[in-house]
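Biologist: I am new to this structure. Could you take me through the chain as a whole and then through one of its pockets?

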Amino acid sequence: MSKKKKRKRAKYVTQRSLMTNYGLTRSIIERFLPEPKLVFDPENPDKAPVRKWKKSDVDAMLAANPDIRKAIEERKRKKEERTARALRKTRAADEYLQQFSPDDIIQQGRELDRRFVLHVGPTNSGKTYEAIQVLKGAERGVYLGPLRLLALEMFETLNADGRKCSLLTGEEYEPVSGAGLTASTIELCDFTAKYDVAVIDEAQLIADPFRGASWTNAICLVDASVVQVCMAPEALPLIENLLKAMDTPYEIVYHQRLVPLEFAGVFKDIADVQPGDALIAFSRKKVLGIAAALEKMGRHASVIYGALPPAARREEVRRFTAKETTVVVATDAIGMGISLPIKRIIFVESEKFDGSCRRSLVPSEIKQIAGRAGRFGKYDLGEVLTMSDRKLISAGMKDEVPPIHKLNLAFPKEALEYDYPLDKLLAQWDALPSNPLYDRADMSEAETLLGVLGNSASLYPRELLYSLITCPVDVKNEKLVNYWYDCCEMILADAPLQRPEYPENNLESCELKYQAYDIYHQLSRRIGIEDDCLADKERLCNKINKYLVKSKTSFIRRCRLCGCELPVTARFNICDRCFGRR
């Protein structure tokens with residue numbers, strides 16, 4: 001009995017395969033190939049059929065049309081050449097960018113005649129105070145800090161002590177006639193000026209991926225006879241190595257806490273708050289919700305969080321200092337440079353969202369915040385309590401913070417002259433291999449803004465384009481990004497910038513409008529226009545402070561199903577009873 005011959009199943013190819021693997025164009029497919037067959041997937045009979053061509057028909061067509069085969073091969077060759085050229089250019093860009101290292105600014109630092117005094121100590125140890133006393137005796141001097149609020153505090157302190165001082169931040173410039181001193185945010189350091197004394201505050205931020213390069217530049221390039229650098233202990237080895245590399249003489253002054261600090265255990269209920277307490281949470285909504293719960297109990301609270309404008313934040317600090325409020329509710333924005341008469345720090349939460357994930361606090365963050373407890377001259381002891389993860393907070397106060405090993409290097413503006421698309425240049429900078437001695441500034445936010453401009457980016461002069469995309473913008477806030485984009489379009493059209501037009505009917509809208517005014521002011525300065533919008537911003541701050549006084553109850557957290565009030569430690573927006581029912 002003869003065996004039946006096994007029938008060969010025809011092989012089919014899709015249009016995508018024809019275009020990618022064979023190199024055929026749509027016009028060739030339509031002109032030279034027969035009509036495709038609708039082929040069903042036997043494993044998914046309900047799925048729509050796919051248009052396919054027999055592989056044998058394709059091979060036969062190519063054999064009968066050698067000119068098409070030659071054209072395809074020529075296109076492939078040109079594509080490979082373009083790919084190879086792009087690869088060579090990418091490698092050249094890599095080699096070009098890798099030549100930029102801290103060596104250049106270290107060499108510039110060697111040429112300056114300077115002496116450094118390193119003030120090393122924990123929070124509330126008086127290191128910045130001692131550095132400022134030296135600054136007061138200088139004829140020409142500058143304070144360089146991380147926050148507008150800190151620069152403003154130094155500006156007011158120095159002027160109150162009879163030392164004329166001007167203020168320079170990204171938000172405002174207040175020149176004082178005859179002033180020899182300037183209080184400034186560190187990004188605006190004037191490297192062309194000659195000072196008697198410069199104070200660089202919070203130098204441990206030299207390792208920050210977004211802003212650390214400003215501390216690197218200030219330490220290496222500020223031209224002052226005496227440079228006073230204030231830092232947490234973990235930054236000392238790195239700063240010492242940097243000064244040794246510059247052959248710059250220095251001395252170290254160690255500072256101890258002025259008031260002892262101790263962990264005092266678990267805090268059970270916010271009803272037990274005392275005057276002088278500061279409750280710490282890690283989101284704006286949580287802070288306002290806790291403050292609202294306290295106000296409902298008859299406890300007046302000041303609030304401090306990152307999105308709060310500096311002037312509004314200062315008013316909240318004033319209310320607490322003047323005892324118009326008895327409690328502070330704050331994010332980790334309280335941890336740097338804000339002088340408040342706090343007796344106890346209470347961690348309501350022990351986790352925070354850091355921009356990419358929710359994680360537990362690390363020892364450096366715990367120490368920075370906990371160190372705000374205990375005001376010298378007012379309290380003999382600073383206490384720290386927690387409503388969450390006693391073990392983590394207790395251990396974090398004791399654990400040594402690991403030393404910082406890498407400084408941060410700024411993106412080199414000289415690289416803008418390199419003949420290479422700016423988007424690819426920034427991407428290459430971020431993709432360079434890591435270096436054991438330093439990290440490179442994170443340019444991801446600038447890349448995001450460059451992507452928002454799209455094809456219109458090529459219409460801007462390169463230096464102006466770089467200036468626009470490095471404007472401080474919260475890239476996670478779509479409304480602010482859209483406003484920034486509209487301003488950039490006006491700049492391209494050589495039209496006057498339109499001031500932000502947002503409603504002012506609640507706290508969030510006022511805060512949004514204030515941030516938009518920041519963008520308006522920054523962009524105006526970058527194109528050489530000094531448009532004073534301080535009056536509008538001050539009006540908004542006053543409105544924000546009124547909302548903070550009157551409208552906190554709207555932020556009480558409630559279960560989204562039954563509407564009952566949630567405890568301040570609740571992690572989710574649903575109560576236990578409703579969760580159990582589900």
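Modeller: Helices (H or I, at least four residues) and strands (E, at least two) are DSSP runs, numbered from the N terminus. The model is predicted: local features need pLDDT of at least 70 and side-chain atom pairs pLDDT 80 or more, while totals for chains, interfaces and linings use all residues. Residues are numbered from 1 along each chain as its sequence is written, and side-chain values use heavy atoms, without hydrogens and water.

Biologist: How many helices and strands does the chain have?

Modeller: The chain has 20 helices and 21 strands. Its C-alpha trace spans about 105 × 70 × 55 Å along the principal axes.

Biologist: What percentage of the residues is buried?

Modeller: Of the 582 residues in the chain, 47% are buried, meaning under 20% relative accessible area with a 1.4 Å probe, protein chains only.

Biologist: Now the second largest pocket: which residues lie nearest its centre?

Modeller: Ala311, Arg314, Glu538, Cys541 and Asn542 do, among 21 lining residues. On a 1 Å grid over the protein atoms alone, a pocket is an open set of points where a 1.4 Å probe fits, with protein on both sides within 12 Å along at least five of seven lines; lining residues have an atom within 4 Å of a point.

Biologist: Which element gives the largest share of that lining?

Modeller: α19 does, with eight residues.

Biologist: What is the lining like by class?

Modeller: The lining has nine nonpolar, two polar and ten charged residues, where Asp, Glu, Lys and Arg count as charged.

Definitions and conventions
Buried means under 20% relative accessible area, exposed over 50%, partly exposed in between (1.4 Å probe, protein chains only).
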